[in-house]
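Hi,

Here is the structure I promised to pass on. Have a look at it first, and then read my notes below.

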Amino acid sequence: MTVGNETSGADPVMDREHILEIDHLAKAFGSLDVLNNLSLKLYNGENLVVLGKSGSGKSVLIKCIVRLLTPDQGTIKVFGENVNDLTDKGLEEMREKIGFLFQSGALYDSMTVKENLEFPLKRIKKGLSRKEIDAKVEEVLDNVGLGQTLNKMPSELSGGMRKRVSLARTIIVDPMIMLYDEPTTGLDPVTSDEISELINEVKAKYKTSSIIITHDIECAKQRPTASSCCKTGKSIWKGA
Ligand SMILES: Nc1ncnc2c1ncn2[C@@H]1O[C@H](COP(=O)(O)OP(=O)(O)OP(=O)(O)O)[C@@H](O)[C@H]1O
């Protein structure tokens, strides 16, 4: 896999704090070495692309970051804290600051778009008034260009629209870090470009730091200027 840090600002990356740091991570399943000596740093306000072919361990990496899997070796620090040392409460708090965009989109098919967006908001940002919830739902939907879909069912949306709604549902709770798992998989080239552009817009509007896990080299290239690149495991891309 290849890891490339990228920043849109004029600041040199090295001058800024890192909010996620992985050091010499290793994970195997039996005799299958999936992650081998992987290190990366995600700096505040940047997009970081992890590029790897199918089966190279991209999803395993995400699961290790949020402790759905325990690494065999190495450390993962998020917001300065070692993920494997967190208490259950600490883990819950950390996960609430991290947004996921799953490969499948993972919308609730029996709920309208509005209900899909309200669901995480009511769970994580407790105590909001009806008016505040409506305003937040409208804001995030407008920001992904789908203000008109409020009362539609997911089945009435195209693949690209579902991806946008999923993104809106993730950013509605103001995550500090976004983890994108194959954000453009299954989309046509034009829609893929739109989603890649949207990822850059979300970063600018919501001041998120993002890890984008993909096998799509075009998606990887659509990040702003690459500033550094480190390689580990099976490298298939040498960066811009
Ligand atoms: N819980 C598990 N137990 C055993 N093997 C696993 C487990 N999770 C993942 N693997 C194996 O680890 C390897 C990497 O899986 P992973 O899902 O991370 O791939 P990926 O890079 O995300 O691939 P894709 O792009 O196809 O989704 C695969 O060979 C998979 O079978």
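This is a predicted model: local features need pLDDT of at least 70, side-chain atom pairs count only at pLDDT 80 or more; totals for chains, interfaces and linings use all residues.

On helix 3 (residues 113–124), the face turned away from the buried side carries Lys-122 and Arg-123, both exposed. The buried residues of this helix are Val-113, Asn-116 and Leu-117. Seen down the helix axis, these buried residues fall within an arc of 95 degrees, so they line one face of helix 3. For the terms: a residue is buried if 20 or more other C-beta atoms lie within 10 Å of its own, exposed if 12 or fewer, and partly exposed in between, with C-beta atoms placed from the backbone. The arc is that of the directions from the helix axis to the C-beta atoms. Helices (H or I, at least four residues) and strands (E, at least two) are DSSP runs, numbered from the N terminus.

Residues are numbered from 1 along each chain as its sequence is written.

Back to helix 3. What do its buried residues pack against? They pack against helix 4 (130–143) and helix 5 (159–171). Helix 3 and helix 4 pack at an angle of about 115 degrees, and their axes are 10 Å apart (axes are lines fitted to C-alpha atoms, for helices over the stretch in contact, and angles run from 0 to 180 degrees between N-to-C directions). On the helix 3 side the contact is made by Lys-114, Leu-117, Glu-118 and Leu-121, and on the helix 4 side by Ile-133, Lys-136, Val-137, Val-140 and Leu-141. Two residues are in contact if their C-beta atoms, placed from the backbone, lie within 7 Å.

Asn-116 deserves a line or two of its own. Asn-116 counts as buried because it has 23 C-beta neighbours inside 10 Å. Leaving aside neighbours within four places in sequence, Asn-116 is in contact with Leu-107, Tyr-108, Met-111, Val-165 and Arg-169. Asn-116 and Val-137 are 21 residues apart in sequence, and their C-alpha atoms are 9.7 Å apart in space.

Four strands form an open sheet in the order 3-2-5-6, with antiparallel pairing. Strand 3 (32–43) and strand 6 (81–82) are the edge strands, each pairing on one side only. Two strands pair if DSSP finds at least two bridges between them. Strand 2 (residues 18–29) is joined to strand 3 by eight bridges, and the two run antiparallel. Along this pair, His-18 stands opposite Tyr-43, and Phe-29 stands opposite Leu-32. The hairpin of strand 2 and strand 3 has two residues between the strands, and Gly-30 takes a positive phi near 60 degrees there. Strand 2 also pairs with strand 5 (residues 73–78), in the antiparallel sense and over five bridges. Here the bridge partner of Leu-20 is Val-78 in strand 5.

Helix 1 (residues 58–65) is worth a look too. Its buried residues are Lys-58, Leu-61, Ile-62, Cys-64 and Ile-65. They fall within an arc of 160 degrees as seen down the axis, so they line one face of helix 1. The buried residues of helix 1 pack against strand 2, strand 3, strand 4 (47–51), strand 5, strand 8 (177–181) and strand 9 (209–214). Just after helix 1, Arg-67 takes a positive phi of about 60 degrees.

For the whole protein, I count seven helices and ten strands. Of its 240 residues, 37% count as buried. Of the contacts with a separation of 6 or more, 74% come from residues 24 or more positions apart.

Finally, confidence. The mean pLDDT is 81, and 82% of the residues reach 70 or more; pLDDT is the predictor's confidence in each residue, from 0 to 100. Among the elements, strand 5 has the highest mean pLDDT (96) and strand 10 (residues 226–231) the lowest (33). Over residues 6–14 the pLDDT is below 50, and this stretch has 22 contacts in the model beyond near neighbours in sequence. Over residues 224–240 the pLDDT is also below 50, with 49 contacts beyond near neighbours in sequence. The model scores ipTM 0.96 and pTM 0.80.

Cheers
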